[in-house]
Amino acid sequence: MSERGIQWFRFTAPANFYDLAGRLIPWFAAVTVALFAVGLYLGLVVAPPDYQQGDSYRIIYIHVPTAWMGMFLYVLMAVYAAIGLIWRIKMADVMAKAIAPTGALFTFLSLWTGALWGRPTWGVYWVWDARLTSMLILLFLYLGYMALHAAIDDRQRASNASAVLAMVGVVNVPIIYFSVQWWNTLHQGASITVTDAPTMATIMFVTLMIMVLAAWMYSVTVVLARARVELLERERNARWVQERLEGGSK
Amino acid sequence: MADRDFRAVDLAAERGERLLFEKLEFRLSPGQLLQVSGRNGCGKTSLLRILAGLSRPTAGEVYWGDEPIRSVDGGTGTCLGYLGHQNALKEDMTAEENILIAGGLGGDRPERETVLAMLGSLGLAGYEDLPVRFLSQGQKRRVALARLLLQPRALLILDEPYAALDVQVIEVLRGAIEAHLARKGMIIITTHQAVDIDGDCRNLHLG
Amino acid sequence: MFRPLLALLRRDLTLALRRPQDALTVVGFFVVVVALFPLGIGPDPEFLRSLAPGVLWVAALLAVMLSLERLFSDDYRDGTLEQLLLVPEPMGLLVLTKIFAHWLITGLPLVLISPLLAIQLNLRPDEIAILMLALLIGTPILSLIGAIGAALTLGLRGGGVLIALLILPLYAPPLILGAGAVDAVMHGSSAQAHLSLLGAMMVFALFATPWATAAAVRIMLD
């Protein structure tokens with residue numbers, strides 16, 4: 001590879017990211033573990049049982065953060081994808097692709113914990129509640145994004161095409177949410193709805209926020225790690241990759 | 001015909017992970033022909049698609065006069081015609097219909113007589129009313145060429161136009177190319193055969 | 001300005017008329033899917049009636065989705081899609097024209113045949129009228145959204161299955177509104193809210209999706 005300006009720009013920026021992310025990941029990982037430990041201790045031991053649901057409510061400490069992260073990460077993914085598509089910034093493509101599996105995992109976990117919570121609360125694992133249904137469709141959107149990315153061989157084309165899909169998806173998410181909400185109120189009347197506990201004790205709220213923060217830190221850690229791997233793969237012919245993989249023997 | 005230069009500035013392209021070419025520059029003035037040569041897989045087709053504005057280069061820009069090719073006033077298709085590996089013919093339609101429709105899409109529908117004359121000159125007299133799927137490879141190629149030559153475009157970009165053509169048709173095509181150059185048109189061509197064309201010919205070797 | 005668009009519309013319609021089996025297959029699929037439902041859930045007229053809006057809409061949605069694979073793939077394979085990029089018209093308008101032609105060939109016949117199937121499922125005339133109106137507004141939305149998926153899967157192996165995964169989640173809102181409209185009439189209330197929202201969605205899709213589809217076509221041909 002020559003030392004021309006364009007290549008210097010293209011190959012050095014990822015190298016900087018790679019090094020910086022490598023230095024940051026252990027710290028984020030440590031914070032993640034600490035927050036999860038504190039959050040789970042507070043949630044499972046310190047916080048009092050719910051006056052109606054007993055101990056089964058404790059699953060909200062997982063359910064709510066995963067649901068929030070699932071939705072938030074989709075938007076973040078679409079933003080990165082749009083940046084990558086419009087300004088042709090490869091790092092943004094890498095980030096979008098790296099976010100998708102984590103977002104899908106959180107969405108799946110929120111459905112799973114929702115079902116586990118549903119069993120003691122409603123007596124069934126699954127109800128076609130508006131939020132659960134929206135989350136299910138969100139999971140399909142994630143799967144579509146990842147499937148399209150995987151189906152296209154050319155990396156740049158894969159990034160661009162799935163970016164279009166992510167942007168279409170993010171425009172649709174609110175439309176889907178509101179139509180499902182509407183459908184749900186029309187069909188179910190007043191029977192079953194998932195509502196958070198009307199009054200939440202301070203300790204519960206604090207615990208919930210700690211768990212949300214923990215989920216955040218986990219996402220940052222894992223997404224950065226995945227982005228590093230993706231970078232190595234994309235740029236495997238670049239000099240900076242070879243220098244780093246030889247372990248500085250040069 | 002053309003009043004502007006066609007320029008490629010600092011072009012680079014990659015396919016997959018592989019760099020096909022970089023720092024590619026040329027300038028084509030009205031009345032000139034550029035022949036792109038090189039072995040298989042060196043990026044000739046990729047280059048032609050970039051020049052036609054169909055794909056984006058990894059770096060650099062293609063200019064029609066001072067405008068980037070992908071944002072020419074009225075669309076890229078107003079200044080250039082492109083014939084790729086595929087003939088872009090509808091198999092269920094006749095040669096004549098194919099050409100008339102392409103003309104209609106391009107905004108300048110040729111007269112029926114002109115179309116028949118062009119098809120005749122390419123040795124397709126009597127085949128105008130046959131659905132294209134009944135034509136041979138070489139005949140289809142000729143229909144596609146007739147379509148391209150009937151669109152009044154300043155720059156013609158031809159990817160392997162001689163493939164599957166027999167000697168007489170090659171002669172006709174050569175005549176058409178020379179006439180286009182004489183009208184101050186421009187041509188960019190890839191071919192394995194040596195082109196023996198009267199006019200201002202340049203060569204660009206890839207790889 | 002509109003002459004190239006008219007030429008494209010005429011071309012697509014002519015091609016469809018020369019191969020009518022393509023359009024007929026879609027209608028046939030719609031009819032067969034609806035006919036299979038009673039076999040799966042039993043012949044009780046009241047029960048079938050209550051399921052009819054959902055069954056008809058899901059069947060129509062699947063039929064549209066299956067037909068979409070052909071929307072660009074023929075033009076992609078023979079190279080005419082590439083030439084369309086060189087037509088001096090905005091790609092969004094060309095795409096919209098192709099979608100319109102495709103809807104005339106596949107979507108409209110579904111609307112026209114739907115009363116026949118609705119009668120089989122014991123819907124009443126006023127409900128059938130709303131069903132047809134909802135399908136008339138809704139099937140273009142399905143085509144418009146689906147075109148994005150058709151463009152994004154151009155030239156991919158297993159493109160047909162992938163379209164389903166990409167597009168079906170996005171079909172949730174029109175499905176809810178369209179089937180809901182018929183359901184509302186069946187339960188004695190007005191379908192106006194559903195139909196208005198469906199109409200709004202169609203206008204939005206009409207303006208927004210062709211550009212996304214055009215971008216997708218450019219990307220896949222890049």
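C:Asn122 is partly exposed, at 31% relative accessibility. In this predicted model, C:Asn122 lies in the loop of chain C that runs between α5 (91-120) and α6 (125-152). Its phi is near 65°, a positive value in a residue other than glycine. Most residues other than glycine have a negative phi.

A second residue with a positive phi is found in chain B. B:Glu160 is not a glycine, yet its phi is about 50°. B:Glu160 sits in the loop between β7 (155-159) and α5 (167-182) of chain B. With a relative accessibility of 12%, B:Glu160 counts as buried, because the cut-off for that class is under 20%.

The strand β7(B) leads on to β8(B): the two pair in the parallel sense over five bridges. Within β8(B), B:Ile187 has B:Leu156 opposite. Strand β3 of chain B (residues 32-37) also runs parallel to β8(B), joined to it by four bridges. Here B:Val36 is the residue opposite B:Thr190 of β8(B).

Strand β8 of chain B covers residues 186-190, and five of the five are buried, so the strand is largely enclosed by the rest of the structure. B:Met186, B:Ile188 and B:Thr190 point one way from β8(B), while B:Ile187 and B:Ile189 point the other way.

Technical notes: Residues numbered from 1 in each chain as written. Chains lettered and ligands numbered in written order. Predicted model: local features only at pLDDT ≥ 70, side-chain atom pairs only at ≥ 80, totals over all residues. Heavy atoms only, no water. Buried < 20%, exposed > 50% of the residue type's maximum accessible area, 1.4 Å probe, protein only. Pairing = 2+ DSSP bridges.
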